[in-house]
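I opened the model to look up a few side-chain contacts, helix packing and backbone angles. My notes follow.

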Amino acid sequence: MTDSWTAERMPECADRTILITGANSGLGFEATSAFARKGATVVMACRSTERGERAATEVAERVGPTGATLDVRECDLASLDSIASFAAAVRSDYDGLEVLCNNAGVMAIPRSETEDGFETQLGVNHLGHFALTGRLLPLLLDTGGETRIVTHSSGAHTIGEIDFEDLQREDSYGKWEAYGQSKLANLLFAYELQRRLEDAGIEDTKSVACHPGYADTDLQFRGPRESGSKLRYAAVRVANALFGQSAERGALPLLYAATAHSVEGGAYYGPGGLLNMRGPPERQSSNEASHDLTRAERLWAKSEELTGVQYDIDGRGR
Ligand SMILES: NC(=O)c1ccc[n+]([C@@H]2O[C@H](COP(=O)([O-])OP(=O)(O)OC[C@H]3O[C@@H](n4cnc5c(N)ncnc54)[C@H](OP(=O)(O)O)[C@@H]3O)[C@@H](O)[C@H]2O)c1
């Protein structure tokens with residue numbers, strides 16, 4: 001479908017404000033560079049403003065003068081307070097927000113908890129983005145023209161199950177099971193949000209999901225680093241060099257989902273090449289569990305309860 005689709009084919013973004021989490025590293029960094037090349041105002045939501053500023057300087061050097069604005073702000077997705085202050089500041093400083101990219105993530109790390117006591121992979125990857133999206137949705141809905149929420153999932157959603165009896169994985173923790181759960185949660189959330197927007201008759205705001213295939217970023221190294229496993233670290237280095245595509249290529253499905261004209265609400269985009277691990281972006285399907293309405297509604301209700309962020313999409317509390 002998108003054989004030759006590259007970031008150069010993105011529309012001009014001079015009149016757009018695009019907010020991306022995890023903007024300082026990997027796919028977020030590459031996406032920020034691509035948005036900046038097209039002149040966007042990019043709100044770089046980073047857990048460390050020091051790392052964010054360093055990344056912004058590098059993006060500006062790479063991209064040159066395009067009229068883009070890079071606005072680095074602190075947003076720690078492992079803290080509901082940080083998310084609330086960040087979103088409040090964005091809502092007060094910006095009149096419009098065209099695209100929200102829920103990109104930041106952690107993968108296969110030893111068990112830990114966020115500031116609010118959530119298992120970190122679920123807390124950062126899903127619950128943090130659920131809270132952030134809920135807090136920014138009024139701004140997205142009030143922005144004139146088409147707006148989008150893009151959520152980064154992974155092929156690893158297929159190994160995930162939502163364990164409602166032990167959502168925080170206190171009884172039994174497997175680092176991959178927890179990652180899979182969080183990435184399945186990303187999809188259940190993205191599709192359920194689209195259904196709720198449609199039920200409320202909202203056509204101008206779309207919720208879309210994507211995955212990057214396999215890209216060589218810091219994501220794969222954090223687990224071995226945190227567990228102190230030099231062997232796993234070395235193995236990741238070899239695997240990434242052999243099988244990973246560049247972060248620049250890995251960012252294409254996100255860029256496509258965020259900007260391409262033909263993107264449909266509720267769709268899932270990923271690389272169409274070998275084993276869907278590399279290649280140009282195309283529309284793909286995710287597994288049956290990700291489309292399960294009962295799971296989606298239950299997870300939504302649980303996410304509202306845990307984060308304290310209530311969505312009011314149709315003005316009637318739903
Ligand atoms: N790379 C792949 O092959 C691959 C495959 C499937 C899916 N994905 C998905 O792609 C997304 C981006 O990953 P990546 O490959 O670009 O990894 P990355 O290079 O490790 O970047 C992850 C970003 O998330 C940020 N982050 C981590 N914890 C955070 C927190 N508590 N609050 C705010 N930001 C936080 C990191 O900030 P710090 O730099 O401060 O840690 C970093 O900016 C993730 O959602 C991941 O699940 C990637």
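I began with a term: a salt bridge is a side-chain nitrogen of Lys or Arg within 4 Å of a carboxyl oxygen of Asp or Glu. I noted that this is a predicted model, in which local features need pLDDT of at least 70 and side-chain atom pairs count only at pLDDT 80 or more, while totals for chains, interfaces and linings use all residues. Residues are numbered from 1 along each chain as its sequence is written, and side-chain values use heavy atoms, with hydrogens and water left out.

**Entry: salt bridges**

I looked up how many salt bridges the structure holds. The number is 16.

I then took R298 and E165, whose side chains meet in a salt bridge at 3.7 Å, N to O. R298 lies in helix α10 (residues 293–307) and E165 in the loop between β5 and α5, so this pair ties together parts that are 133 residues apart in sequence. Helices (H or I, at least four residues) and strands (E, at least two) are DSSP runs, numbered from the N terminus. For exposure I used these cut-offs: buried is under 20% relative accessible area, exposed is over 50%, and partly exposed is in between (1.4 Å probe, protein chains only). R298 is partly exposed at 43%, whereas E165 is exposed at 69%.

Next I checked D93 and R73, which form a salt bridge of 2.9 Å, N to O. D93 is in helix α3 (residues 80–93) and R73 in strand β3 (residues 69–74), so the pair ties together parts that are 20 residues apart in sequence. D93 is partly exposed at 46% relative accessibility, and R73 is buried at 16%. Both residues also belong to a network of salt bridges that links D71, R73 and D93.

E305 is exposed at 56%, and K302 is partly exposed at 28%.

**Entry: two helices**

At what angle do α4 and α5 pack? Helix α4 (residues 120–142) and helix α5 (residues 175–199) pack at about 20°, with their axes 8 Å apart. That makes α4 roughly parallel to α5. The axes are lines fitted to C-alpha atoms, for helices over the stretch in contact, and angles run from 0 to 180 degrees between N-to-C directions. Angles under 35 degrees count as roughly parallel, over 145 as roughly antiparallel, 65 to 115 as roughly perpendicular and the rest as oblique.

**Entry: positive phi**

Most residues other than glycine have a negative phi. I found that R169 has a positive phi of about 55° although it is not a glycine. R169 sits in the loop between β5 (147–152) and α5, and it is buried at 8% relative accessibility. N276 also has a positive phi of about 55° and is not a glycine. N276 is in the loop between β7 (268–271) and β8 (281–284), and it is partly exposed at 32%.
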